[in-house]
Amino acid sequence: GLDGKRMTNEEIARFFNSARPHIQGNPNLRDPQVEGWFRTRQHFRNSTDHAILQIPVGCGKTGLMALLPFETAQGRVLVIAPNLEIRRGISTAFDVAGRECFWTSTRVLTDVSHGPFPAVLDGQDANIHDCENSHIVVTNIQQLASRADRWLPAFADDFFDLILVDEGHHNVARSWERVFERFPNAKVVSLTATPFRGDGREIAGERVYAYPFRTAMVRGYIKQITAVNVAPEEISFTYRGDARRHTLEEVLRLRDEEWFSRGVALAPECNRSIVDASIQWLQHLRETGTFHQLIAVACSVDH
């Protein structure tokens with residue numbers, strides 16, 4: 001595929017269906033990667049519905065994406081990341097010449113001389129010929145959608161057979177819909193840690209696999225959960241027009257008194273101080289350079 005000729009869908013399909021990857025029984029792969037691949041493969045044998053895979057952060061989602069084309073794709077694969085950072089991680093894992101190539105480092109493939117070859121759509125330097133000579137095209141949604149007039153019309157409507165969407169809970173935005181409409185016969189898989197959209201509605205599609213958060217914890221894929229309590233030292237509130245200020249300790253004692261538990265609304269400045277302290281702590285965590293999946297809970301003292 002590197003001699004400048006466009007690879008045909010048939011050639012690509014032949015590659016993905018005859019490459020004989022070592023997936024089942026491979027000790028270098030994680031359960032959600034093997035199971036997610038297997039369930040997706042089964043799903044598309046009987047259905048063309050959009051598939052949803054629910055995988056907690058930290059469980060090897062990029063590796064799972066690297067496996068999904070095998071025995072499922074009947075043509076070129078499009079991988080869409082939600083942002084540049086994730087796109088960079090995916091293209092590193094898919095770089096067959098690189099040391100961090102997922103297929104070779106896990107020994108899923110022992111020979112990558114015939115592919116899969118990735119192309120990365122990354123602004124100025126990318127061109128359609130790179131895509132034509134590739135099995136997999138990696139992009140991020142802004143690149144594809146904001147320059148829709150440049151990219152989408154350039155591709156034939158059968159250019160991609162399989163579309164993998166990372167962080168699929170964003171995929172209801174108009175930009176995603178334009179992509180799906182452009183390739184009406186492509187199989188679509190959304191990989192997400194949360195199957196809900198920002199507005200709380202579920203993503204459309206069939207959830208073909210969900211790897212439980214608890215299992216991920218037990219298996220050590222998610223390293224640890226750290227609980228941090230952020231409580232103000234003093235709390236201000238207003239009761240029947242009378243503004244009061246108490247230490248947290250006093251408030252916790254007052255909590256048992258009926259007038260307090262029934263009638264007190266926490267003042268906005270109190271809530272704000274809790275939120276500000278929380279944001280400062282998160283900022284501190286971010287500066288340590290490690291990535292966190294956050295579960296945030298806020299509660300008022302009167303409950």
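Over the ring of which residue does the charged end of R76 sit? Select R76 and F159. The charged end of R76 sits over the F159 ring, 4.1 Å from its centre. Bear in mind throughout that this is a predicted model.

**Stop 1**

The protein has 10 aromatic pairs in total. Take F155 with F160: the pair is edge-to-face, with 5.2 Å from centre to centre and 70 degrees between the planes. F155 has 1% relative accessibility and counts as buried. F160 is buried too, at 3% relative accessibility.

F183 is buried, with a relative accessible area of 1%.

**Stop 2: strand β5**

Select 162–166. How many residues of β5 are buried? The count is 5 of 5, so the strand is largely enclosed by the rest of the structure. Show the side chains. L162, L164 and D166 point one way. I163 and V165 point the other way. Both sets are buried, the D166 side chain's residue included.

Next, bring in the strands that pair with β5. β2 joins β5 through 4 bridges, and the two run parallel. Look for I80 opposite V165 in β5. β5 also pairs with β6, in the parallel sense, over 5 bridges. There, L162 stands opposite K187 in β6.

**Stop 3: the whole sheet**

Zoom out and colour by strand. The open sheet has 7 strands in the order β3-β4-β2-β5-β6-β1-β7, with parallel pairing. Which strands stand at the edges? They are β3 (118–120) and β7 (206–210). Each has a single partner strand, so one side of each is left without a neighbour in the sheet. On average, neighbouring strands are turned by 20 degrees against each other, direction ignored.

3 bridges join β3 to β4, and the two run parallel. P118 stands opposite I136 in β4.

**Stop 4: T139**

Stay in strand β4 and pick T139. Is T139 buried or exposed? With 0% relative accessibility, T139 counts as buried. Leave aside its neighbours within four places in sequence, and T139 is in contact with L78, V79, I80, A81, R87, L121 and L144. I80 is the residue you saw opposite V165 in β5.

**Stop 5: helix α1**

Select residues 9–18, helix α1. Colour N9, I12, A13, F15 and F16: these are buried. Look down the helix axis. The buried residues fall within an arc of 160 degrees, so they line one face of α1. What do they pack against? Their partners are β2 (77–81) and β4 (136–140).

The face turned away from the buried side carries the exposed residues E10 and R14. Then step just past the end of α1 to R20, which takes a positive phi of about 50 degrees.

**Stop 6: helix α2**

Select residues 31–46. This is α2, which lies across β1 (51–54), β6 (187–192) and β7. Check its direction against β7: α2 runs at about 150 degrees to that strand.

Clear the selection and show everything. The protein has 13 helices and 10 strands. Buried residues make up 44% of its 303 residues. Now consider contacts between residues at least 6 apart in sequence: 71% of them join residues at least 24 apart.

Methods
Residues are numbered from 1 along each chain as its sequence is written. This is a predicted model: local features need pLDDT of at least 70, side-chain atom pairs count only at pLDDT 80 or more; totals for chains, interfaces and linings use all residues. Side-chain values use heavy atoms; hydrogens and water are left out. Buried means under 20% relative accessible area, exposed over 50%, partly exposed in between (1.4 Å probe, protein chains only). The arc is that of the directions from the helix axis to the C-beta atoms. Contact means heavy atoms within 4.5 Å. Two strands pair if DSSP finds at least two bridges between them. Axes are lines fitted to C-alpha atoms, for helices over the stretch in contact, and angles run from 0 to 180 degrees between N-to-C directions. Rings of Phe, Tyr and Trp (its six-membered ring) pair if their centres lie within 6.5 Å; planes under 30 degrees apart count as stacked, over 60 as edge-to-face and the rest as tilted. A charge sits over a ring if NZ of Lys or CZ of Arg is within 6 Å of the ring centre and within 35 degrees of the ring normal.
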